[in-house]
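Here is a friendly walk through the aromatic rings and the backbone of a protein model. Keep the 3D view open as you read.

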Amino acid sequence: MRLAFISHEYPPDTGKGGIGTYVNQIATAMAASLHDIHVFSGSNTRSNDENENGFWVHRIQCVNGQDFRDKVVGVFEQYHSIIPFDIIESAEINGDALELKRTYPGLLLVVRLHAPNRLIENLKKRYVPTTAKLRFVLGALKRFRFDLGYWRSYKKETDPDYKFIQLADGITAPSEAMKSWAVKNWHLPPANISVLPNIFSPSPALLKMPVNKSTEFKRVVFFGRLNVLKGLVNASRAMKKILIEFPDWKFRVIGDDGNGPSVGVSMRTWMQQELSTVIEQVEFKEGLPYEEIPGNIEDAEIVLLPSLFESFSYTCIE
């Protein structure tokens, strides 16, 4: 079978999250089963073709996800015209294969549910102060517009993720929880969604981590993207209390910065403000290459993963 994964997110250029990890894991496994596998991914710095673990990675230099959706069509066409692909797969979020499916409507599209924008935004709204929500509504009225903002009703028909999934010939989800969300919120027929758990093969670096029996590290580590969805609001408040009570303990936070609970304030900045009284016990690190993660968690007694929702947590498995 000739299969193409269409994903703006892919390591190391654009993929420090779960989607990039998934694509790398599934492409490696499918190639090992002697399928002809190609990954079309985004990059901020380069366009090239590389053979990686028995499959091809076609990186496309682009400035953002929309730019990738447009540019991937021409690159894909070069390979599809030589030997047609049987199936393409894309995440639902941001619809990376949208323009491809419009260009090749007869090409089978599988949409993989990861975490739709609707789910993420709903969780983020919990931390937006009521005063900020009211300011948005009043600002709209001053401009002679009526917009309830955070209280506006949701219409799935205008949701880009939902509209993209309507083009799918098949839908998969990594967990029953993710399937249940799609059935409840998008009213998709349960029979249309197949639950296929993510596979995971640990890297040599993870397998070589020593099994330390020491209880003297006194360090808590979080690793992942820094945003509200990862539960870092509650985690910061809890860690503040813990570090005050136990001044010999440390908190290491690893991950690329993202949106915080306050408008215009990043998650890392918000955490630094929240943890200001114990900041000497807190260490922040940017997102690390995958192979460097083991060395940054092996000297911890506790790994803290407080996500509000995970369709399938790779960090937990790791």
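## Aromatic pairs

The structure, which is a predicted model, holds 9 aromatic pairs. A pair of aromatic rings is described by the distance of the centres and the angle of the planes. Let us take two of the pairs in turn.

Start with Phe76 and Phe85: their ring centres are 5.0 Å apart and their planes meet at 25°, so this pair is stacked. The cut-off behind that word is an angle under 30 degrees. Phe76 is buried, at a relative accessible area of 0%, and Phe85 is buried too, at 4%.

Now turn to Trp181 and Trp186. The centres of these rings lie 5.2 Å apart, but the planes are at 75°, so the pair counts as edge-to-face; that label applies to angles over 60 degrees. Trp181 has a relative accessible area of 13%, which makes it buried, and Trp186 is buried with a value of 1%.

## A cluster and a charge

Which residues do ring pairs link into a cluster? They are Phe40, Phe76, Tyr79, Phe85 and Tyr104. If you select these five in your viewer, you will find the stacked pair of Phe76 and Phe85 among them.

The charged end of Arg2 sits over the ring of Phe85, at 4.2 Å from the ring centre.

## Backbone points to check

Most residues other than glycine have a negative phi, and most peptide bonds are trans.

Pro11 and Pro12 are joined by a cis peptide bond, with omega at about 0°. Where is Pro12 found? Look in the loop between β1 (2–7) and α1 (18–32).

His187 is a residue other than glycine, yet its phi is positive, near 55°. His187 is placed in the loop between α7 (176–186) and β8 (193–195). Is His187 buried or exposed? Its relative accessibility is 58%, so His187 counts as exposed, the cut-off being over 50%.

Lys218 is not a glycine either, and its phi is positive at about 50°. You can find Lys218 in the loop between α8 (204–207) and β9 (219–223). With a relative accessible area of 26%, Lys218 is partly exposed, because that term covers values between the 20% limit for buried and the 50% limit for exposed.

Key:
Residues numbered from 1 in each chain as written. Predicted model: local features only at pLDDT ≥ 70, side-chain atom pairs only at ≥ 80, totals over all residues. Heavy atoms only, no water. Phe/Tyr/Trp six-rings, centres within 6.5 Å; stacked < 30°, edge-to-face > 60°. Buried < 20%, exposed > 50% of the residue type's maximum accessible area, 1.4 Å probe, protein only. Lys NZ or Arg CZ within 6 Å of the ring centre and 35° of its normal. Helix = DSSP H or I, 4+ residues; strand = E, 2+ residues; numbered from the N terminus.
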